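Subject: Structure handover

Hello,

Here is the structure, with the sequence.

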Amino acid sequence: MKEPLSSEPRPDVVSGVSPPPAPEAVPLVPELLISDLLRHGVVASMSLVTLGTVVTFFRHPDYLVSSEALERLTAPHPVPHGLAEVVAGALAARGQSFVMAGLLVMMAVPVMRVALSLLIFRQQKDRLYVAITTIVLVLLLVSFLVGAAEG
């Protein structure tokens, strides 16, 4: 079936320029994936630390004016040390738990980067780098476990 003729010219015919081609699917570039992981990890970490600081000073405004109260805040004993304590404190909206969660995220970002590299090398079927990256990831995880056992 023919389209009815219109008295108005079509824009693409008048200008002599064809419309731009449809965007193609951009392949996932490993460097961009790793860059995004690092960027978002740092932003998440800093957001948690900032949130924790704001919550701490909002819940305890005396820290701003009393040096004795601020000393209690910075003393080592009230800081959550275990993952369960951090989660429980964050659920209870304790500022120091949010700060500690931000620090844990900052520590986890390089490990996630190694794990992402392992996945990328597996997809690329690069056996040598898969082996090297697996060894590095295992060493990182063992060091965390040994540190948790001694702490």
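The notes below cover a pocket and a surface patch.

This is a predicted model, in which local features need pLDDT of at least 70 and side-chain atom pairs count only at pLDDT 80 or more, while totals for chains, interfaces and linings use all residues. Residues are numbered from 1 along each chain as its sequence is written, and side-chain values use heavy atoms, without hydrogens or water.

The largest pocket holds about 430 Å³ of space (a pocket is an open set of points on a 1 Å grid over the protein atoms alone, where a 1.4 Å probe fits, with protein on both sides within 12 Å along at least five of seven lines; lining residues have an atom within 4 Å of a point; the volume is the space filled by probe spheres set on points joined across faces, edges and corners). Its lining has 13 residues, and His81, Leu83, Leu104, Met107 and Phe144 are the closest to the centre.

Leu83, Val87, Leu91, Leu104, Met107, Leu141 and Phe144 make up a nonpolar patch on the surface, together about 680 Å² of accessible area (residues with over 30% relative accessible area and no salt bridge, nonpolar side chains being Val, Leu, Ile, Met, Phe, Trp and Tyr, joined within 5 Å; areas by Shrake-Rupley with a 1.4 Å probe, only the protein chains shown counting as cover; a salt bridge is a side-chain nitrogen of Lys or Arg within 4 Å of a carboxyl oxygen of Asp or Glu).

Met107 counts as partly exposed because its relative accessibility is 45% (between 20%, under which is buried, and 50%, over which is exposed; 1.4 Å probe, protein chains only). Met107 lies in helix H5 (a DSSP run of H or I, at least four residues, numbered from the N terminus), and H5 gives the largest share of the pocket lining, five residues.

Regards

Technical notes: Helix = DSSP H or I, 4+ residues; strand = E, 2+ residues; numbered from the N terminus. Patch = residues over 30% accessible without salt bridge, like charges linked within 9 Å, V, L, I, M, F, W, Y side chains within 5 Å.
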